[in-house]
Amino acid sequence: MSRSPVALAALLTIALGLGVRLLWDGPVSKYAGDALYTVLIYLLVVLVWPRVRPWAAALTAAALSWAIEFAQLAGIPPALQPLLGSTFNPPDLFWYVVGAVTAWAGHTLWLSRALR
């Protein structure tokens, strides 16, 4: 897969995440942000390994998101808290899976259309 569309998708994901936080408050923006965070990790995985299979990228993105969430139990250094968060929140784990599955579905659809 070409890196240009993936890089563009990553920039759009960042813009969506910032837009959601800007336009809404409360659980909608928080959990949408969690899912988009995992989508961004998914896209970064695809940028690094363009031939990665969608299921492997989804598992990697979800696992990294979960690892970061569980690392919050031990404490994230203050300098990294704006990027990695600071407070463990169990519902976040579900929304990371939602983000990974959404990215997997989009990637799979993209690949199936590219093969036509």
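**Helix 3 and its surroundings**

A: Glycine 75, with a positive phi near 105°, follows helix 3; helices here are DSSP runs of H or I with at least four residues, numbered from the N terminus. The model is a predicted one, in which local features need pLDDT of at least 70 and side-chain atom pairs count only at pLDDT 80 or more, whereas totals for chains, interfaces and linings use all residues. Residues are numbered from 1 along each chain as its sequence is written, and side-chain values use heavy atoms, with hydrogens and water left out.

Helix 3 has 21 residues, and its first and last C-alpha atoms lie 31 Å apart, close to the 30 Å expected at 1.5 Å a residue. The expected span of a helix is taken as 1.5 Å times one less than its number of residues. The buried residues of helix 3 are Pro54, Ala56, Ala57, Ala58, Ala61, Ala62, Ser65, Ile68, Glu69 and Gln72. Here buried means under 20% relative accessible area, exposed means over 50%, and partly exposed lies in between, with a 1.4 Å probe and protein chains only. The cover over these buried residues includes helix 2, helix 4 and helix 5, where contact means heavy atoms within 4.5 Å.

Trp55, Leu59, Trp66, Phe70, Leu73, Val97, Val101 and Trp104 make a nonpolar surface patch of about 810 Å². Helix 3 (54-74) and helix 5 (90-114) are the elements that give two or more residues to this patch, and helix 3 gives the most, with five residues. Patches are made of residues with over 30% relative accessible area and no salt bridge; nonpolar side chains (Val, Leu, Ile, Met, Phe, Trp, Tyr) are joined within 5 Å, and like charges within 9 Å. The accessible areas come from the Shrake-Rupley method with a 1.4 Å probe, and for residues only the protein chains shown count as cover.

Phenylalanine 70, one of the patch residues, belongs to helix 3 and counts as partly exposed because its relative accessibility is 39%. This residue also takes part in an aromatic pair. Rings of Phe, Tyr and Trp (its six-membered ring) pair if their centres lie within 6.5 Å; planes under 30 degrees apart count as stacked, over 60 as edge-to-face and the rest as tilted. By this rule there are five aromatic pairs. The rings of phenylalanine 70 and phenylalanine 88 have centres 5.2 Å apart and planes at 35°, so this pair is tilted. The pair links distant parts of the chain, 18 residues apart: phenylalanine 70 in helix 3, and phenylalanine 88 in the loop between helix 4 (81-84) and helix 5. Phenylalanine 88 has a relative accessibility of 25% and therefore counts as partly exposed. Elsewhere, Tyr31, Phe94 and Trp95 are linked by ring pairs into a cluster.

A salt bridge is a side-chain nitrogen of Lys or Arg within 4 Å of a carboxyl oxygen of Asp or Glu; the whole structure holds two of them. In one, lysine 30 meets aspartate 34 at 3.2 Å, N to O. Both residues lie in helix 2, four residues apart, about one turn of the helix. Lysine 30, at 25% relative accessibility, counts as partly exposed, whereas aspartate 34, at 7%, counts as buried. Aspartate 34 touches Asp92, Trp95 and Tyr96, residues up to four places away in sequence not being counted.

In the other salt bridge, the closest N and O atoms of lysine 30 and aspartate 92 are 2.8 Å apart. Lysine 30 lies in helix 2 and aspartate 92 in helix 5, so this pair ties together parts 62 residues apart in sequence. Aspartate 92 counts as buried because its relative accessibility is 3%. Through shared partners, the salt bridges join Lys30, Asp34 and Asp92 into one network.
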